[in-house]
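Okay, thanks for coming, everyone.

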Amino acid sequence: MRYLILSDIHANLTALDTALAATKGKWEKAVCLGDVVGYGPDPNEVIDRIREIDAITIRGNHDKAGSGLANAEDFNPVARNAALWTRDKLRPELREYLEKLPTGPATINGFTIVHGASRDEDEYVFAPAQALDSLIEAATPITFFGHTHLQGGFTLGGEDDRVGVLHFKPEGENKFSPLTIEPGTTYLLNPGSIGQPRDGDTRAAFAIADVENKVVEFWRVPYDIEAVQKRMAAAGLPEPLILRLQFGR
Ligand code: ZN
């Protein structure tokens, strides 16, 4: 089975649709690690699309804030502004959909999904020391996580017992970088963010996990950033959120 692994879509329909078009026929089931909404201009349209492709989805912190489950008081002013805009803009049934999204971790066909970390959906895993708990306590050899918007990950096991760091940057003709899953190694893998990448690469990021062949493909696809920025400006969303898309930060 081939799974499309999406995370941190952040109400960016153009980026999501570009990723779906680029991978048409290349996966059988979609999975989403949360933050379907927040920051971007298309919350209703993105939830509609996620439901249309029937993605197995867990909630992220922006889904809690956008639905009203969380009050967004711990968000910075710019993120809070976007969360309140999202809450106001959502169709009532979609707000309810967000409210009812399950909390991770969830295990699917031999791999696990979380939004932030295994123990805490809101925890950021940026560094090896932060990855250690999730790696040691992993229920399955592969755990997919999001929240940091950085494509890459961490490993434990294999040659030595140190936490390894993985980075990917598919270039040129290659739309993705493949990672072969080795037996005896535990993986904590971040597909990156569809709607607001922060690793200096403006392209939409996601992954495809080929469970039988033990390969995870880390994809990047360019999308029409300007079109999204125009919709954000028209919606009156904060300027820093509009600008950061063109820097991938
Ligand atoms: Zn996010």
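Let's start with A11, which is buried, because its relative accessible area is 0% and the cut-off for buried is under 20%. Keep in mind as we go that this is a predicted model. A11 sits in the loop between strand 1 and helix 1. Its phi is near 55 degrees, which is a positive value in a residue other than glycine.

Which residues of helix 1 are buried? They are L13, T14, A15, L16, A19 and L20. And what do those buried residues pack against? Strand 1, helix 2, strand 11, strand 12 and helix 7, which covers 225-235.

Now, helix packing. Two packed helices are described by the angle between their axes and the distance between those axes. Take helix 1, residues 13-22, with helix 2: the angle is about 25 degrees and the axes are 9 Å apart. The cut-off for roughly parallel is under 35 degrees, so helix 1 and helix 2 are roughly parallel to each other. From helix 1, the contact uses L13, L16, D17 and L20, and from helix 2 it uses E45, V46 and R49. By class, that contact of helix 1 with helix 2 has four nonpolar residues, no polar ones and three charged ones.

Helix 2 has another partner, helix 5. Here the axes of helix 2, residues 43-52, and helix 5, residues 92-99, come within 10 Å and cross at roughly 60 degrees. Helix 2 and helix 5 are therefore oblique to each other. The crossing of these two is left-handed. As for who meets whom, N44, I47, D48, I50 and R51 in helix 2 meet E93, L94, Y97 and L98 in helix 5. The contact of helix 2 with helix 5 divides into five nonpolar, one polar and three charged residues.

What is buried in helix 2 itself? P43, N44, V46, I47, R49 and I50 are. Those buried residues pack against strand 1, helix 1, strand 3, helix 4 and helix 5. Just after helix 2, D54 takes a positive phi of about 55 degrees.

P105 is in the loop between helix 5 and strand 4. Then there's N109, in the loop between strand 4 and strand 5. N109 has a positive phi, near 40 degrees, and is a residue other than glycine.

Next, T140, from the loop between helix 6 and strand 6. T140 is buried, with a relative accessible area of 11%. The side chains of T140 and T112 are joined by a polar contact of 2.7 Å. The T140 side chain also reaches the backbone oxygen of I142, at 2.8 Å. Leaving out residues up to four places away in sequence, T140 touches T107, G110, F111, T112 and T186. In helix 6, by contrast, we find I136, and I136 counts as exposed at 56% relative accessibility.

H149 is another buried one, at 2% relative accessibility. You'll find H149 in the loop between strand 6 and strand 7. A polar atom of the H149 side chain lies 2.8 Å from the backbone oxygen of Q196. Its contacts, again not counting residues up to four places away in sequence, include D8, H10, Y39 and N190, along with Q196, P197 and R198.

Last stop: N213, in the loop between strand 11 and strand 12. N213 counts as exposed, because its relative accessibility is 54% and the cut-off is over 50%. The side chain of N213 makes a polar contact of 3.0 Å with the side chain of D210. And how far apart are N213 and E239, C-alpha to C-alpha? They are 26 residues apart in sequence and 44 Å apart in space.

Key. Residues are numbered from 1 along each chain as its sequence is written. This is a predicted model: local features need pLDDT of at least 70, side-chain atom pairs count only at pLDDT 80 or more; totals for chains, interfaces and linings use all residues. Side-chain values use heavy atoms; hydrogens and water are left out. Helices (H or I, at least four residues) and strands (E, at least two) are DSSP runs, numbered from the N terminus. Buried means under 20% relative accessible area, exposed over 50%, partly exposed in between (1.4 Å probe, protein chains only). A polar contact is a pair of N or O atoms within 3.5 Å; within protein, one must be able to donate a hydrogen and the other to accept it, and residues adjacent in sequence count only if both atoms are side-chain atoms. Contact means heavy atoms within 4.5 Å. Axes are lines fitted to C-alpha atoms, for helices over the stretch in contact, and angles run from 0 to 180 degrees between N-to-C directions. Angles under 35 degrees count as roughly parallel, over 145 as roughly antiparallel, 65 to 115 as roughly perpendicular and the rest as oblique. A crossing is left-handed if the near helix is turned anticlockwise from the far one by less than a right angle, and right-handed if clockwise. Ala, Val, Leu, Ile, Met, Phe, Trp, Tyr, Cys and Pro count as nonpolar, Asp, Glu, Lys and Arg as charged, and the others, Gly among them, as polar.
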